[in-house]
Amino acid sequence: MSILYLLLLLPLFWLLGKSANLTTRAIIDMAKLWGLSDLTIGFVVLGLATSAPELLVGINSAIKGIPGLSYGNLIGANIVLLSFVVGLSALLNGKIHLHSSIERRTIYTSTIIILSPLVLALDGIVSRLDGMILVAIYLIYLTVVIFKRRRLETEITRPFIKHDVRVHKLWLWFAAGIIGLLVGSYFVVYLATHLSDSWNIAPIIVGFLILSFGTNLPEIFITIKNRNTEHNHIAFGNVIGSAVVNTLILGVVSLISPITIGDPKLLIAGIVFLIAIAALFNIFLKTKATLSRNEGVILVMIYILFIIMQGMNK
């Protein structure tokens, strides 16, 4: 029966990715029509829109009383983003050029924010107070980004913008995307719960190993879409932004339902791998503002190692 649940998850992951893409295109085009700046669109709209699957899965799991599913999903998602997705982008493009909009200081700050949910969970629980702290951290970061940075590469949103699209079509895309996200996230949580029962493992582990990959299909889609183009640096900026948004989502989930961490090994694994990835970024970018194909291979191998180690432990 568990094999059937896994097979049913595949089309649901596709639905989440496709729905998030529709929603992203609609929101960005509408934001352009409403006169929002590229800065606001890049850091707020795009980051939130591509994280819609994680947000909806998180809210659904919290409402159903299994917020640990979302915690595992989001912590695992950050590892997927920073190792597999960035590595895949470097592999597809041969090299990722980091423009001035992706500064080393931004990477350092983002790393601290990405690690904050793990630090707050060291006592075994992410409480509502912790949730408020996580939401506050994200809002402070966002405020600093918006008011301190003078410009953002407009290419971040350009691949999604189609100025000749009529407004009513944008609303249709938006509605279709939201419906797909609601339906997909509901059944993803439903099937993940049954997988957890079938395998007799905690929901947080299902989120850590399975959902974390499936809900990142929008970022993977953007990475593949922008391969071998002048926009190939987008993937790096997008995954950093999405990983930071996951901190906000965890804050929202824990506000709805506090998260209890049953297995401390998950925290240790998450902290070790995220710190290792952050350290590699620092090494790779220390002397040049690029990530090479060989460095992409290393990041992908780290993700494969992570999956193997977690699979052996479970």
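Welcome! The model is predicted, so local features need pLDDT of at least 70 and side-chain atom pairs count only at pLDDT 80 or more, while totals for chains, interfaces and linings use all residues. Residues are numbered from 1 along each chain as its sequence is written, and side-chain values use heavy atoms, leaving out hydrogens and water.

- Y108 is partly exposed, because its relative accessible area is 41%; the cut-offs are under 20% for buried, over 50% for exposed and in between for partly exposed, with a 1.4 Å probe and protein chains only.
- Along the sequence, Y108 and A278 are 170 residues apart, yet their C-alpha atoms lie 8.1 Å apart in space.
- A278 is one of the residues that line the second largest cavity; a cavity is a set of points on a 1 Å grid over the protein atoms alone where a 1.4 Å probe fits but cannot get out, and lining residues have an atom within 4 Å of a point.
- Helix 5 (104-120) and helix 11 (264-285) each contribute at least two residues to the lining.
- The second largest cavity holds about 90 Å³ of space, where a volume is the space filled by probe spheres set on grid points joined across faces, edges and corners.
- Searching the whole structure turns up 4 cavities of 30 Å³ or more.

- Helix 7 covers residues 167-199, 33 residues in total, and its first and last C-alpha atoms are 47 Å apart.
- That reach is close to the expected 48 Å at 1.5 Å a residue, where the expected span is 1.5 Å times one less than the number of residues.
- Buried residues of helix 7 include L170, G177, G180, L181, G184, S185 and V188. V189, L191, A192, L195 and S196 of this helix are buried as well.
- Y190 also belongs to helix 7, but it counts as partly exposed because its relative accessibility is 39%.
- Together with I179, V183, Y186 and F187, Y190 forms a nonpolar surface patch with about 460 Å² of accessible area.
- An α-helix has 3.6 residues a turn, so residues three or four places apart point the same way.

**From helix 7 to helix 8**

- N200 lies in the loop between helix 7 and helix 8.
- Most residues other than glycine have a negative phi.
- N200 is exposed, because its relative accessible area reaches 70%.
- Helix 8 (residues 203-214) has 12 residues and reaches 15 Å between its end C-alpha atoms, close to the 16 Å expected.
- Helix 8 is largely enclosed by the rest of the structure, because 9 of its 12 residues are buried.
- Those buried residues of helix 8 are I204, I205, V206, G207, F208, I210, L211, S212 and G214.

- L12 is part of helix 1 (residues 2-33) and is buried because its relative accessibility is 13%.
- L12 and T215 are 203 residues apart in sequence, with 9.5 Å between their C-alpha atoms.
- S19 is also found in helix 1, and it counts as buried because its relative accessibility is 3%.
- S19 and A175 are 156 residues apart along the chain, and their C-alpha atoms are separated by 9.4 Å.

**Helix 3**

- Helix 3 (residues 52-63) has end C-alpha atoms 16 Å apart, which agrees with the 16 Å that its 12 residues should span.
- Is helix 3 mostly covered or mostly uncovered? Helix 3 is mostly covered, with 9 of its 12 residues buried.
- The buried ones are A52, P53, E54, L56, V57, G58, N60, S61 and A62.
- After helix 3 comes G65, which has a positive phi near 80°.

Note on methods: Helices (H or I, at least four residues) and strands (E, at least two) are DSSP runs, numbered from the N terminus. Patches are made of residues with over 30% relative accessible area and no salt bridge: like charges are joined within 9 Å, nonpolar side chains (Val, Leu, Ile, Met, Phe, Trp, Tyr) within 5 Å. Accessible areas come from the Shrake-Rupley method with a 1.4 Å probe; for residues, only the protein chains shown count as cover. A salt bridge is a side-chain nitrogen of Lys or Arg within 4 Å of a carboxyl oxygen of Asp or Glu. On a 1 Å grid over the protein atoms alone, a cavity is a set of points where a 1.4 Å probe fits but cannot get out, and a pocket is an open set with protein on both sides within 12 Å along at least five of seven lines; lining residues have an atom within 4 Å of a point.
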